[in-house]
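Welcome! Please take a moment to look over the model below, and then we will walk through it together.

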Amino acid sequence: MKIVVLVKQVPDTGEERILDASTGLVDRDANDPVIDEISERALEAALSVKDRDKSTEVVVLSMGPSDASKAIRKALSMGADSGIHILDDGLLGADATLTAQVLAAALRNADADLVITGNESTDGRGGVVPAMIAEHLNLPLMGSLTTVNIGSASISGQRRNDEGTQDVSADLPAIISVTEGFAEARFPNFKGIMGAKRKPVSTLAAAELGVNIAARTKISSVETRAPRSAGSTIIDEGQAAAQLVDFLTTNRLI
Amino acid sequence: MPNIVVFIELTHTTQIPATAPGLLALAARLGTPIAVSVSQSPLNDEHIAALGAQGAAHIYATHSAQAYSTLNSYTVDALEQAISAHQPAAVLIPASVDGREIAGRLAVRTGGGVLADVIDAHAHDGAITAIHSVFGGHYTVAASVPEALPILTLRAGAIDEIAPAHNPTVEHLELGAHTAGRTAHIDAQSDAPYNTNRPELRGAATVVSGGRGLGSAQNFVLVEQLADALGGAVGASRAAVDAGYIDHTAQVGQTGVSVSPQLYVALGISGAIQHRAGMQTAKTIIAINKDEDAPIFEIADLGIVGDVFSVVPQVIELLKARA
Ligand SMILES: Cc1cc2nc3c(=O)[nH]c(=O)nc-3n(C[C@H](O)[C@H](O)[C@H](O)COP(=O)(O)OP(=O)(O)OC[C@H]3O[C@@H](n4cnc5c(N)ncnc54)[C@H](O)[C@@H]3O)c2cc1C
Ligand SMILES: Nc1ncnc2c1ncn2[C@@H]1O[C@H](COP(=O)(O)O)[C@@H](O)[C@H]1O
């Protein structure tokens with residue numbers, strides 16, 4: 001089985017993230033670029049299939065600036081077999097529509113049985129790219145899964161929507177997106193890090209995929225909110241509960 | 001006034017969802033709200049009257065016995081047909097788990113552009129501008145889709161308005177076999193056992209959240225008791241969810257729900273940046289934590305350095321005594 005995992009590099013959420021007010025784009029120099037945790041969990045789901053069946057081929061696909069190659073190398077050191085990096089200056093600030101067009105075009109040539117993605121990225125929070133790719137490629141999408149069973153011809157799993165829980169299934173080829181209910185990713189070990197250097201990564205530009213670069217969304221303004229400041233802090237010596245209730249009363253919160 | 005197509009995400013038992021009034025209110029501000037619904041049997045007069053009361057001027061009511069056999073494919077068909085019949089200036093869809101998938105597929109199918117996780121929108125000379133709250137509310141970004149159909153996913157609880165009521169006109173349509181070739185199948189559906197006596201987390205005026213500091217699922221009841229005493233919703237940190245104290249749907253933060261209540265009370269939560277990303281736009285924040293260096297105190301209007309197991313029961317007693 002061939003599994004392609006869509007891995008996105010994002011600014012680390014552990015630090016303050018900055019938007020450039022004039023362009024509306026993420027300031028990529030302000031934070032360490034890391035693999036989005038949810039795409040690491042997607043990769044882990046693929047690697048666990050490979051753990052059980054060594055004939056499984058795991059390919060990571062990432063669209064991003066030149067340092068996204070580090071994200072791909074890390075994925076290879078964790079156990080993926082090869083990488084595809086879509087690198088094109090024209091894709092800077094690509095919206096979901098364009099991102100999905102590009103990723104779908106790359107997947108068209110990849111001949112995957114299964115595509116695994118995160119349910120939403122921490123920088124965009126759009127959660128629409130997997131569905132857009134599914135529509136482009138006429139693939140069934142099982143989105144926002146909490147569990148999955150991957151068979152050789154079909155997959156099944158549970159998903160959570162706003163109404164409750166669903167048991168869902170689809171025939172392969174298909175695309176799935178995973179949630180935080182999935183296991184955290186493994187760490188690369190020494191052997192993996194050494195081995196990753198020899199694994200193949202192909203780099204492609206948008207034109208090589210036949211995609212005409214045109215975003216549909218346009219950012220017109222960016223406003224910054226003043227940071228919040230601390231109010232008063234009190235130490236409980238038996239009086240704090242009463243002070244809390246007074247605070248609620250004074251501020252008309254009860 | 002341009003038409004605005006609004007997707008009403010009925011439950012599989014044909015209940016009108018809590019997201020409907022906000023979507024219809026926003027649509028009424030942008031144009032004429034055309035509500036689109038998908039159900040297994042035709043909508044009845046009660047549903048139609050209820051949607052009219054919430055602001056639907058016209059209802060495009062589609063049905064199919066198969067509507068809930070596949071994942072979202074009938075809904076995408078229904079919206080595609082409604083768009084071609086009513087030529088809207090924008091489409092509004094809840095930013096729910098299914099809503100985002102529907103919006104993504106619909107955008108590809110109609111050549112539209114998605115404006116995702118929107119908290120508000122405005123119309124100027126027929127052009128729609130969407131407002132996003134980015135990076136935990138640090139930035140407010142305005143964006144549009146100048147050359148194509150804007151498809152907005154609206155964050156639940158973001159719009160707290162009520163549209164003027166209508167006596168809606170209705171079109172009933174039976175959907176044919178879905179046009180998406182390959183889809184996923186729904187084999188079983190079970191409802192979330194949610195507590196109807198408590199307000200929904202998204203859009204609640206008061207939220208009381210608990211973290212790892214609660215120590216166990218049994219102790220987490222303390223969070224629920226304070227929430228009930230304040231008439232608020234219950235939230236949690238990711239650590240509390242991971243530890244199994246409470247269901248994932250209660251998670252507040254970067255990868256959970258974003259809330260902007262009047263009052264947010266954080267109990268035994270350290271205030272990691274990813275948690276703050278989901279609550280720092282609250283009007284007033286109160287935090288109780290044993291550790292005086294906990295980062296949550298940096299953003300709290302009232303910080304109490306203390307033990308939740310001693311302070312919170314006293315607060316509940318005082319609130320009861322007041323009532
Ligand atoms: C990609 C990514 C996404 C994330 N998304 C989210 C998210 O959406 N939401 C989220 O919350 N986190 C998220 N996190 C996790 C986040 O980084 C923190 O790990 C998490 O918020 C910590 O939860 P906590 O404050 O409950 O636990 P801890 O950090 O362990 O804090 C527990 C606190 O309880 C206090 N305490 C202990 N006992 C008591 C007592 N008896 N009385 C009073 N205080 C007490 C302690 O002093 C401590 O400050 C994310 C992380 C990543 C990497
Ligand atoms: N530039 C990208 N490169 C690779 N995968 C991506 C990219 N953008 C989005 N994805 C995938 O789509 C998922 C959902 O992203 P989004 O729709 O942007 O919230 C992510 O978790 C990734 O798996």
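**Where the two chains meet**

Between chain A and chain B there are nine salt bridges, a salt bridge being a side-chain nitrogen of Lys or Arg within 4 Å of a carboxyl oxygen of Asp or Glu. One of them joins the side chains of Arg159(A) and Glu101(B), with 3.2 Å from N to O. Before we go on, please keep in mind that this is a predicted model, in which local features need pLDDT of at least 70 and side-chain atom pairs count only at pLDDT 80 or more, while totals for chains, interfaces and linings use all residues. Residues are numbered from 1 along each chain as its sequence is written, chains are lettered from A and ligands numbered from 1 in the order in which they are written, and side-chain values use heavy atoms, with hydrogens and water left out.

The interface of chain A and chain B also holds 49 residue pairs in polar contact, both residues at pLDDT 80 or more. A polar contact is a pair of N or O atoms within 3.5 Å; within protein, one must be able to donate a hydrogen and the other to accept it, and residues adjacent in sequence count only if both atoms are side-chain atoms. On the side of chain A that touches chain B, the elements that each supply at least two residues include helix 1 (37-52), strand 7 (141-150) and helix 6 (240-250). Helices (H or I, at least four residues) and strands (E, at least two) are DSSP runs, numbered from the N terminus. By class, this side of chain A has 29 nonpolar, 26 polar and 22 charged residues. Here Ala, Val, Leu, Ile, Met, Phe, Trp, Tyr, Cys and Pro count as nonpolar, Asp, Glu, Lys and Arg as charged, and the others, Gly among them, as polar.

How many residues are in contact? With contact meaning heavy atoms within 4.5 Å, 77 residues of chain A meet 89 residues of chain B. About 7200 Å² is buried between the two chains, and carbon and sulfur atoms give 52% of that. Buried area is the accessible area (1.4 Å probe) that two parts lose on being put together, summed over both. In chain A, Arg125(A), Glu163(A) and Arg228(A) lose the most area to chain B, together 11% of what that side buries.

Now let us turn to ligand 1. Residues from chains A and B surround ligand 1, so the site is shared between chains. The shell has 27 residues, and the closest are Arg212(B), Ser237(B), Ser270(B), Gln274(B) and Asn289(B); a residue counts as near if one of its heavy atoms lies within 4 Å. This shell divides into six nonpolar, 15 polar and six charged residues. An oxygen atom of ligand 1 is 2.7 Å from a polar backbone atom of Arg212(B), and an oxygen atom of ligand 1 is 2.9 Å from a polar backbone atom of Arg238(B). On its own ligand 1 exposes 990 Å², of which the protein buries 81%; such areas come from the Shrake-Rupley method with a 1.4 Å probe, and for residues only the protein chains shown count as cover.

Our last stop is ligand 2. Around ligand 2 there are 18 residues, the closest being Leu6(A), Met63(A), Ser121(A), Gly127(A) and Val129(A). An oxygen atom of ligand 2 is 2.7 Å from a polar backbone atom of Leu6(A). The protein covers 96% of the 480 Å² of accessible area that ligand 2 has on its own. Strand 4 of chain A gives the most to this shell, with three residues.
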